[in-house]
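Good morning, colleagues. Please turn to the structure on the screen; I shall discuss the ligand and the pocket around it.

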Amino acid sequence: MKVAVLGAGAMGSLYGGLLAEAGNEVVLVDVWRDQVDAVNASGLSIEGAGGERRVRGIRAVSDASEAGTADLILVFVKATATEGAMRGALPMVGGATTVLTLQNGLGNVEKLCAVVPADRVVAGTTGHGATLLGPGRIRHAGVGDTIVGELDGNRSARVESLAAMFAGAGMTAQVSTNVIGLIWTKLTVNVGINALTAVTGLKNGRLASFPEAEALMRAAVDEACSVARRKGIQLEIDSPFEHAMSVAVKTGANRSSMLQDILAGRQTEIAVINGAIVEEGEKLGIPTPVNAVLTNLVLIRQQTYGEAFAV
Ligand code: KPL
């Protein structure tokens with residue numbers, strides 16, 4: 001299968017690397033020139049789960065028109081860039097191209113469907129954690145499931161074959177017939193972990209060490225669940241807080257994507273994670289004070305990069 005990975009940050013590079021190792025033709029597409037040059041010059045170096053190795057035979061481009069058409073476009077750009085990146089990726093869309101988002105946050109499906117016909121788009125979630133160590137270098141810092149599904153819940157041959165492709169690359173992979181519930185289930189995990197790690201600087205696993213962090217995680221996740229319940233979303237798990245904490249522990253060595261963004265001085269996905277819970281809560285009249293505080297703290301942090309804690 002020819003796979004174009006749109007967004008070659010930590011997670012895009014991880015999936016691209018694992019799929020290339022399994023024999024798929026992979027091209028990474030990213031505007032980050034240093035990453036493109038490093039991968040083309042020396043391949044992708046992966047450490048952590050699966051051991052240290054260098055994946056060669058993987059191509060990278062910064063302009064989608066150099067990639068050719070793909071069987072699968074796997075979208076891993078930040079949620080804030082989804083629509084623009086997909087417009088830029090249109091030269092890779094051929095007559096039979098499928099677009100799969102495994103991104104965090106709410107709204108990616110809608111943004112993709114604004115650019116390509118909805119019947120081209122499938123969605124899913126990933127439980128893996130990865131850290132970007134530098135151009136061409138990542139750490140596979142936590143292992144989890146990859147779950148994919150059709151937007152209409154149909155168990156199609158297309159999603160079965162995507163799950164088989166991920167399984168063939170050594171990942172545990174499944175098909176979901178409730179992909180919106182699945183995205184919300186992953187959202188509850190990110191609501192519980194990402195902002196908390198971003199404001200404390202802790203790796204995911206350390207959240208379990210502090211009753212204070214646990215209390216905040218529980219409250220943020222409970223608020224997200226109240227919103228989901230009122231919207232009629234069927235979550236895929238019975239105990240969302242325990243699930244979020246178990247993902248934090250399984251990806252314990254990882255810095256969450258939001259903490260990595262903060263450390264690199266980038267804009268975060270706060271608006272589509274905790275911020276989305278606040279926004280949806282407001283529409284439904286459901287109070288979400290803990291998510292509002294977490295959102296505001298991260299928003300302040302990302303507007304004050306470079307300012308010291310000086311008096
Ligand atoms: O999705 C993640 C993220 O960092 O965005 C988790 C699962 C929390 C892994 O770090």
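I begin with asparagine 254: an N or O atom in its side chain is 2.9 Å from an oxygen atom of the ligand. That falls under the heading of a polar contact, a pair of N or O atoms within 3.5 Å. The protein buries 96% of the 280 Å² that the ligand exposes when taken alone, with areas from the Shrake-Rupley method and a 1.4 Å probe.

This is a predicted model, in which local features need pLDDT of at least 70, side-chain atom pairs count only at pLDDT 80 or more, and totals for chains, interfaces and linings use all residues. Residues are numbered from 1 along each chain as its sequence is written, and side-chain values use heavy atoms, leaving out hydrogens and water.

Two further side chains deserve mention. Asparagine 190 has a side-chain N or O atom 3.0 Å from a ligand oxygen, and for serine 257 a polar side-chain atom lies 2.5 Å from an oxygen atom of the ligand.

The shell, meaning residues with a heavy atom within 4 Å of the ligand, includes Asn104, Lys186, Ile193 and Val247. By class, the shell has 7 polar, 2 nonpolar and 1 charged residues. Helix H6, residues 179–200, gives the most to this shell, with 4 residues; helices here are DSSP runs of H or I, at least four residues, numbered from the N terminus.

Finally, the ligand takes up the space of the largest pocket, which holds about 960 Å³. Its lining numbers 48 residues, and Gly9, Ala10, Phe76, Val77 and Lys78 are the closest to its centre. A pocket is an open set of points on a 1 Å grid over the protein atoms alone, where a 1.4 Å probe fits, with protein on both sides within 12 Å along at least five of seven lines; lining residues have an atom within 4 Å of a point.

Note on methods: A polar contact is a pair of N or O atoms within 3.5 Å; within protein, one must be able to donate a hydrogen and the other to accept it, and residues adjacent in sequence count only if both atoms are side-chain atoms. A molecule sits in a cavity or pocket if more than half of its atoms lie within 2 Å of its grid points. Helices (H or I, at least four residues) and strands (E, at least two) are DSSP runs, numbered from the N terminus. Ala, Val, Leu, Ile, Met, Phe, Trp, Tyr, Cys and Pro count as nonpolar, Asp, Glu, Lys and Arg as charged, and the others, Gly among them, as polar. Grid points are joined across faces, edges and corners, and a volume is the space filled by probe spheres set on the points.
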